Amino acid sequence: MNRNLLSARLTRTGFISTALLAGTVLALPAVVTAVRPAVAQEAPAGLKVGDAAPDFKLVGTDGKTYTLGQFKGKSAVVIAWYPKALTGGCTKECASLRDVMDKLSTYKVQVFGASVDTVELNKQFTDQLKLNYPLLSDTDKSYAKTLGVLNPAGTVAQRWTYIIDDQGVIREIDKKVATATHGADVAAKLETLGIPKK
């Protein structure tokens, strides 16, 4: 074969291979760039002490629909979230609030229990424990998500209690609830926070 022709062919082949290789290398950053946005973002952090509490509209076990706004300028609000009605720890928590309601009621405060259970299940829970305060049902989990109290799996509320003052500001978030003494603990915290008495 003519040496000049062979050289030309090799040159063309080499040129094409180099071009293809260059194209592959140059394409890689574009692929990486395209993949990066698919990385999962961290869930936004929940609300913290000092933040304004978002309003809610939830049905209670007494058949009434409650909003946070209806208490503004009138009384503080306690929302004691629990994971599941009719379970051991939640029974202790809700019963402890019931047992000190005489003391809690000396403050300008509305006490609620809350969960993502149905109204029917919470009503059964209320009747079984003879609770003297309403339980709220956040069945679509929207308020629990807004507060940041929903567990990472998105299935139940975590056992956290929020104390919100009469201006709608979150004053306390108890994330280490002691179920057996929770009612007394809430009463002591109302005193410490200076929540007005009636």
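Modeller: "Buried" means under 20% relative accessible area, "exposed" means over 50%, and "partly exposed" lies in between (1.4 Å probe, protein chains only). Helices (H or I, at least four residues) and strands (E, at least two) are DSSP runs, numbered from the N terminus. You're looking at a predicted model, with residues numbered from 1 along each chain as its sequence is written. Local features need pLDDT of at least 70, side-chain atom pairs count only at pLDDT 80 or more, totals for chains, interfaces and linings use all residues, and side-chain values use heavy atoms, leaving out hydrogens and water.

Colleague: What makes you call β3 mostly covered?

Modeller: Six of the six residues in β3 are buried. Ala-76, Val-78 and Ala-80 lie on one side, Val-77, Ile-79 and Trp-81 on the other, and both faces are covered.

Colleague: How do you know which strands are partners of β3?

Modeller: Two strands pair if DSSP finds at least two bridges between them. β3 and β4 have six bridges and run parallel, while β3 and β6 have four and run antiparallel. Both counts meet the cut-off, so both are pairs. As examples, Ile-79 has Phe-112 as its bridge partner in β4, and Val-78 stands opposite Ile-163 in β6.

Colleague: And what order do the strands take in the whole sheet?

Modeller: It's an open sheet of seven strands, β2-β1-β5-β4-β3-β6-β7, with mixed pairing.

Colleague: Why are β2 and β7 said to stand at the edges?

Modeller: Each has a single partner strand, so one side of each is left without a neighbour in the sheet. For β7, β6 (residues 161–164) is joined to it by four bridges, antiparallel, with Tyr-162 opposite Ile-173.

Colleague: Which helices pack on that sheet?

Modeller: Contact means heavy atoms within 4.5 Å. Helix α4 (residues 119–129) packs on the sheet and touches β1, β4 and β5. Helix α6 (residues 182–193) packs on it too, touching β3, β4, β6 and β7.

Colleague: How do you know where the buried residues of α4 sit around the helix?

Modeller: Asn-122, Phe-125, Thr-126 and Leu-129 are buried in α4. Down the helix axis they fall within an arc of 100 degrees (the arc of the directions from the axis to the C-beta atoms), so they line one face. Their cover includes α2, β4 and β5.

Colleague: Now the rings. Why is the Phe-56 and Phe-112 pair called edge-to-face?

Modeller: Rings of Phe, Tyr and Trp (its six-membered ring) pair if their centres lie within 6.5 Å; planes under 30 degrees apart are stacked, over 60 edge-to-face, and the rest tilted. Here the centres are 6.4 Å apart and the planes at 90 degrees, so the pair qualifies and is edge-to-face. Phe-56 is in the loop between α1 and β1, Phe-112 is in β4, and the two are 56 residues apart. Both are buried.

Colleague: What makes Tyr-66 and Phe-112 a pair?

Modeller: Their centres are 4.8 Å apart and their planes 65 degrees, which is edge-to-face again. Tyr-66 is in β2, 46 residues from Phe-112, and is buried as well. The structure holds seven aromatic pairs, and Phe-56, Tyr-66, Phe-71, Trp-81, Phe-112 and Tyr-143 form one cluster.

Colleague: How do you know that the charge of Lys-175 sits over the ring of Trp-160?

Modeller: The test asks for NZ of Lys or CZ of Arg within 6 Å of the ring centre and within 35 degrees of the ring normal. The charged end of Lys-175 is 4.3 Å from the centre and counts as sitting over the ring.

Colleague: Last one: is Arg-171 buried, partly exposed or exposed?

Modeller: Arg-171, in strand β7, has 29% relative accessibility, so it counts as partly exposed. Beyond its neighbours within four places in sequence, Arg-171 contacts Val-49, Ile-163, Ile-164, Asp-165, Leu-193 and Ile-195.

Definitions and conventions
Axes are lines fitted to C-alpha atoms, for helices over the stretch in contact, and angles run from 0 to 180 degrees between N-to-C directions.
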